[in-house]
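The tour moves from one selection to the next.

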Amino acid sequence: MPDLIAKPALGLPPLTHAGTTLAEAALPQITAIAPFPGQSAAVGTALGLTFPAPNCVTEAGEARLVWAGRDLAFLLGKAAPEGLPAAVTDQSDGWVALTLSGPQAVQVLARLVPLDLRDMPRGQAARTALNHLPLVLIAEGEGAFTLLTFRSMARTAWHEIGEAMEKLAARAALTP
Amino acid sequence: MRLTCPLCGPRDRREFYYSGAAVALDRPGAEAPPEAWDDHLHNRDNPAGVTQDLWYHEQGCCSWLKVTRNTVTHEILAVETVGGDSTAGGVA
């Protein structure tokens, strides 16, 4: 078995416009967990978390369970134990995590995401779109968001968000 | 246009994929005559008024939805999940 070198999806320095910062976040492990029929409570107990309702995130310490679709959640920050009553798929390295935080974060995402993100509290999440890219959006509270998208689309996502940040800053500069 | 997904809540039309008349849900039985299959596969109504069609929430929860809407007023009358809201449950 050769030794593989772990590389970040982008390896770019954080991008800041008008106090709002886009950065790549570490995403060591992401596991898709689809409970077998009627087993979501048992899955939650086995993970030490509650299986989330639609558009919700449950967390305990570093571990988070993010709702990601009908009978599907993504486990972050923790390895899935053996023998869960669920279909478990390791999706590590298939996704990239970006963080966007600052006073303009909501306005930047308003240009790309077809959801009203104002006042979206921590503990909420949404499976939606970032322009044309699939997106799992996690609200961190206080105008901060974690954005998960496919790793193969990381550069496109970075470009889209960076452009929205730039245009918003340009527009703000025009306003006296 | 917005559809209220029973799982995700109100969402923009661009999250959904349109997949034609909901007649696809009413398959003829195994013993059905060829005419019934011909009708099922090829013949569609084009109503001015209430119609039902299938939409797929592809940029969301990946549910198939049966949408009842009015083609004249553009009113969305009902959105139901084809496979039920959930088989596994879940809590907030």
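Across the interface of domain 1 of chain A and domain 2 of chain A, 5 residue pairs are in polar contact, both residues of each pair at pLDDT 80 or more. Keep in mind that this is a predicted model.

Next, select strand 9 (125-130), strand 10 (133-141) and strand 11 (144-150) of chain A. These are the elements that give two or more residues to the side of domain 1 of chain A that touches domain 2 of chain A.

Now show side chains for A:R122 and A:E59. They meet in a salt bridge, 3.0 Å from N to O. The count between domain 1 of chain A and domain 2 of chain A is 2 salt bridges.

Colour by domain. Domain 1 of chain A takes 16-27 + 94-174, and domain 2 of chain A takes 30-90, according to the domain assignment. The contact draws 13 residues from domain 1 of chain A and 11 residues from domain 2 of chain A. Their C-alpha centres lie 24 Å apart. Together the two domains bury about 1100 Å², with 60% of it on carbon and sulfur atoms.

Last stop: select residues 154-174, helix 3 of chain A. How far apart are the end C-alpha atoms of helix 3 of chain A? They are 30 Å apart, which agrees with the 30 Å that 21 residues should span at 1.5 Å a residue.

Stay on helix 3 of chain A and colour by burial. Buried residues include A:A154, A:A157, A:W158, A:I161, A:A164, A:M165 and A:L168. A:E160 and A:G162 are buried too. Residues three or four places apart in an α-helix point the same way, because there are 3.6 residues a turn.

Notes. Residues numbered from 1 in each chain as written. Chains lettered and ligands numbered in written order. Predicted model: local features only at pLDDT ≥ 70, side-chain atom pairs only at ≥ 80, totals over all residues. Heavy atoms only, no water. Helix = DSSP H or I, 4+ residues; strand = E, 2+ residues; numbered from the N terminus. Expected span 1.5 Å × (residues − 1). Buried < 20%, exposed > 50% of the residue type's maximum accessible area, 1.4 Å probe, protein only. Domains from an automatic or database assignment. Contact = heavy atoms within 4.5 Å. Buried area = accessible area lost by both parts, 1.4 Å probe. Salt bridge = Lys/Arg side-chain N within 4 Å of Asp/Glu carboxyl O. Polar contact = N/O pair within 3.5 Å; in protein donor to acceptor, adjacent residues only side chain to side chain.
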